[in-house]
Amino acid sequence: MFIQTEQTPNPATLKFIPGRPVLEEGTADFRSVEEAAGVSPLAERLFGVDNVAGVFLGPDFVSVSKSDDAEWYLLKPAILGVIMEHFTAGQAVMNKGASVDAGEQDVREEDREIVSQIKELLETRVRPAVAQDGGDIVFQGFQQGVVYLHMRGACAGCPSSTATLKMGIENMLRHYIPEVNEVRAV
């Protein structure tokens, strides 16, 4: 099994591509071993590697974030070993019945059409681009002209995430949907 590794815009996160599906649908983000416990055997095993601070599972990749004081040249071989062992043993990435993706706030009836347009733009234009960088941006809500998005994987804590939100996503949404005034990270 050959696992490709790619850098992300976030220096604390690397993207691992095992060459096979990771999740059938959705994404899953774990910031601690406690969050992964009983939900994702793969994420649990990755948190067993010293200095792993986060695990994000995408459709065909695994993004791993490290603690600030750790060095990738020391972590990378152990992470590659865990991922390789997990997939070659045919173990499940997620336990049966485990949920993926973050939930969203309730949407007011008068905002349903706007929310539908926001989700369509995010799904077709934003999420594929950030997935290439090992992350995800998930719609959380829309209230009084403000779109709330949850940054996950490599996007969480990325130095360029604020610029991506304001200069990229906010400008695009405001261009296509005049009711959008601002975009905020949750």
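Q: Is Q144 buried or exposed, and how do I read that?
A: Start with the cut-off: a residue counts as exposed when its relative accessible area is over 50%. In this predicted model, Q144 has a relative accessible area of 73%, so Q144 is exposed.

Q: Where is the place of Q144?
A: Look for the elements on either side of the residue. Q144 sits in the loop between strand 6 (135–143) and strand 7 (146–153).

Q: What is the phi of Q144?
A: Here is the general idea: most residues other than glycine have a negative phi. Q144 is not a glycine, yet its phi is positive, about 50 degrees. N51 is another case, with a positive phi of about 75 degrees although it is not a glycine either.

Q: Where does N51 lie?
A: You will find N51 in the loop between helix 2 and strand 4. Its relative accessible area is 37%, so N51 is partly exposed.

Q: Which residues does N51 touch?
A: For contacts, we look for heavy atoms within 4.5 Å. Leaving aside residues up to four places away in sequence, N51 touches S65, K66, S67, D69, A70 and L75. Take S65 as an example: N51 and S65 are 14 residues apart along the chain, and their C-alpha atoms are separated by 8.7 Å.

Q: Is H86 buried or exposed?
A: H86 has 0% relative accessibility, so H86 counts as buried. You can look for H86 in helix 3. Not counting residues up to four places away in sequence, H86 touches P41, L42, R45, Q91, A92 and V93.

Q: How many of the residues of the protein chain count as buried?
A: Now apply the idea to the whole chain. Of its 186 residues, 46% count as buried.

Q: Which residues touch the most other members in the largest nonpolar core?
A: A nonpolar core is a set of buried nonpolar residues joined through side-chain atoms. The largest one here has 27 residues, and L46, L57, V62 and I79 touch the most other members. Strand 2 (13–17), strand 3 (28–30), helix 2 (41–47), strand 4 (52–57), strand 5 (62–66) and helix 3 (72–88) each give two or more residues to this core. Helix 3 gives the most, with six residues.

Q: What does L57 touch?
A: Among the partners of L57 are V22, L23, F30, V62, V93 and M94, with residues up to four places away in sequence not counted.

Q: What does the second, separate core include?
A: That core has 22 residues, including I118, L122, V130 and I169.

Q: How many helices and strands are in the protein chain?
A: Count the elements from one end to the other. The protein chain has five helices and eight strands, and along the sequence they follow the pattern β-β-β-α-α-β-β-α-α-β-β-α-β. The radius of gyration is 17 Å, close to the 16 Å that the globule rule gives for 186 residues, so the protein chain is as compact as a globular protein of that length. Taken along the principal axes, the C-alpha atoms fill a box of roughly 50 × 35 × 25 Å.

Q: How many positive and negative side chains does the protein chain have?
A: Count each set, then compare where their centres lie. There are 16 positive and 27 negative side chains, and the centres of the two sets lie 2 Å apart.

Methods:
Residues are numbered from 1 along each chain as its sequence is written. This is a predicted model: local features need pLDDT of at least 70, side-chain atom pairs count only at pLDDT 80 or more; totals for chains, interfaces and linings use all residues. Side-chain values use heavy atoms; hydrogens and water are left out. Helices (H or I, at least four residues) and strands (E, at least two) are DSSP runs, numbered from the N terminus. The radius of gyration is taken over C-alpha atoms; the globule rule is 2.2 Å times the number of residues to the power 0.38. Buried means under 20% relative accessible area, exposed over 50%, partly exposed in between (1.4 Å probe, protein chains only). Lys and Arg count as positive and Asp and Glu as negative; His and the chain ends are not counted. The place of a charge is taken as NZ of Lys, CZ of Arg, CG of Asp or CD of Glu. A nonpolar core is a set of buried Ala, Val, Leu, Ile, Met, Phe, Trp, Tyr and Cys residues joined through side-chain atoms within 4.5 Å.
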